[in-house]
Amino acid sequence: MRDVDPFCFFFAHASAIRGYGGQNRSPDPQYCFHTHYLDVRPGRARYELRLTGARSSQGQLTVRVHALKPSTGANATLVAGTRLELTLDRKDDLVVSVRFHALRDVAYAFYGFFSEYSDLTVDGLSVILDEPEGEEDDYFEPPVSAMLGHDGPSEVRPANALIHYDILEKSNPVSQDCTWDQLPELAGDPASSAPLETYLTQWREDVCLAAMTAYGAVISGLDGWVIGPVSQAMCDHFDNSPFTIRFIENQFGKVDRNEFADFLLWPEGPSEDIALDERWSQVKIWLEKLKFGGLAIVGLRYRHVDVLMSSSIAAEHNGLTRNEIGQWALRLIGSGFSVAPLAYADSPDLAVGEDQRAAFVLVVRRQ
């Protein structure tokens, strides 16, 4: 662990926490602290804020980890964050941590501000950075995908948008629900003999293939992995493709720790028969096999009747929910991925099977 100066980025600005920071009034009255952008050893890391002798009658403190890659000239981006409620019955010591996955050649800063006005005072304020001691034993630096320098979207998530509100299209997808309008061969056709589940399965495979084109996975020689069971039609699609395709039928299978893919297609997604934390573990394991700049499209089924179910309640039932998908997106962003904006359909538009499950695709790129 190393101690970090909480106020060195805006060294002249006074903090909204009385008695701290510089001597000049900050142009942002809610500003609390901001560290320098620091190089962090690759792997799982953590910033921690410690407030000793804290007193407050109201308010909320938001803390964030921002990332900056100087070589690109791009602006800083948010990779992780959390909030701390500041309504205290008595003087107390408070600690809040934010975990993130540090990458090579990327610098990280810790920033805090009052997201709700607070009269917080403290006897002491400190920030520490907890990082791996040298290289993690199980960490292999992924290579860079040819897609990273190819013309086309470098990110799948705009910096200021996590939710998508425009019309949903199967041919130009974001992370989105399947709607009736995306199933024209079935909508309004009572004579259709195929079960809806067949169309929802086909939709997930179609969106996987469409997303490859939409997000630049079109370069000859790319290494692509197709995970889990897929239709013969999808297998046939890659017969004459310019890619090197590997079919991995078992989603619980393992690959060599130093192998990585340019793109991953997983139309069926993780099993719903496993616990919530195991589902996330499976998703994370596979996405960490992407090269930098690599693309993944994951098909999902979630319970439509539980779209507003909390995570704690959902953990007692095994079915996937919208809330869990949203948490995955935030965790991935905090781990150095970008996620195409989430587009959830209203109930009348949502294509729902007889089992009350809707179909969804999650589009992710490793940055």
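Guide: Two strands count as paired if DSSP finds at least two bridges between them. With that in mind we can look at this model, which is a predicted one.

Visitor: In what order do the 4 strands of the open sheet stand?

Guide: The order is β1-β9-β4-β7, and the pairing is antiparallel. Because β1 (2-4) and β7 (92-102) each have a single partner strand, they stand at the edges, and one side of each is left without a neighbour in the sheet. From one strand to the next, the twist averages 25 degrees.

Visitor: How many bridges join β4 to β9?

Guide: There are 7 bridges between β4, which covers residues 43-54, and β9, which covers residues 124-130. If you look along this pair, you will find Arg50 opposite Ser126 in β9.

Visitor: Where is the confidence of the prediction lowest, and where is it highest?

Guide: Strand β2 (residues 31-34) has the highest confidence, with a mean of 97, whereas helix α4 (residues 311-314) has the lowest, with a mean of 49. For the protein as a whole the average pLDDT is 85, and 86% of the residues score at least 70. Residues 157-161 stay under 50 in pLDDT, and the model gives them 9 contacts beyond four places in sequence.

Visitor: How should I read the nonpolar residues in the interior?

Guide: In soluble globular proteins, nonpolar side chains tend to be buried together. Here the largest nonpolar core holds 64 residues, of which Met212, Leu264, Leu265, Leu287, Ile297 and Leu362 touch the most other members. Helix α1 (residues 196-214) gives the most to this core, with 9 residues. A second, separate core has 41 residues, including Ala54, Leu61, Leu88 and Phe113.

Visitor: Which residues is Ile297 in contact with, leaving aside its neighbours within four places in sequence?

Guide: Among them are Cys208, Ala211 and Met212, together with Leu264, Leu265, Val361 and Leu362. Val298 lies in strand β14 (residues 290-303), and Val298 is buried, since its relative accessible area is 3% and the limit for buried is under 20%. Beyond four places in sequence, the contacts of Val298 include Trp266, Leu287 and Phe360. Val298 is also 5.6 Å from Pro267, C-alpha to C-alpha, although the two are 31 residues apart in sequence.

Visitor: How many residues does helix α5 have, and how far does α5 reach?

Guide: Helix α5 (residues 322-334) has 13 residues and reaches 19 Å from its first C-alpha to its last, close to the 18 Å expected at 1.5 Å a residue. Its buried residues include Ile325, Trp328, Ala329, Leu332 and Ile333. An α-helix has 3.6 residues a turn, so residues three or four places apart point the same way. After α5 comes Gly336, whose phi is positive, near 95 degrees.

Visitor: How should I read a positive phi elsewhere?

Guide: Most residues other than glycine have a negative phi. Asp105 is a residue other than glycine with a positive phi, near 60 degrees; Asp105 lies in the loop between β7 and β8 (107-116) and is exposed, with a relative accessible area of 63%. Gln356, which is not a glycine, also has a positive phi, of about 65 degrees. The loop that holds Gln356 runs between β16 (342-343) and β17 (357-366), and Gln356 is partly exposed, with a relative accessible area of 36%.

Conventions
Residues numbered from 1 in each chain as written. Predicted model: local features only at pLDDT ≥ 70, side-chain atom pairs only at ≥ 80, totals over all residues. Heavy atoms only, no water. Helix = DSSP H or I, 4+ residues; strand = E, 2+ residues; numbered from the N terminus. Axes fitted to C-alpha atoms, helices over the stretch in contact; angles between N-to-C directions. pLDDT = per-residue confidence, 0-100. Contact = heavy atoms within 4.5 Å. Core = buried A, V, L, I, M, F, W, Y, C linked by side-chain atoms within 4.5 Å. Buried < 20%, exposed > 50% of the residue type's maximum accessible area, 1.4 Å probe, protein only. Expected span 1.5 Å × (residues − 1).
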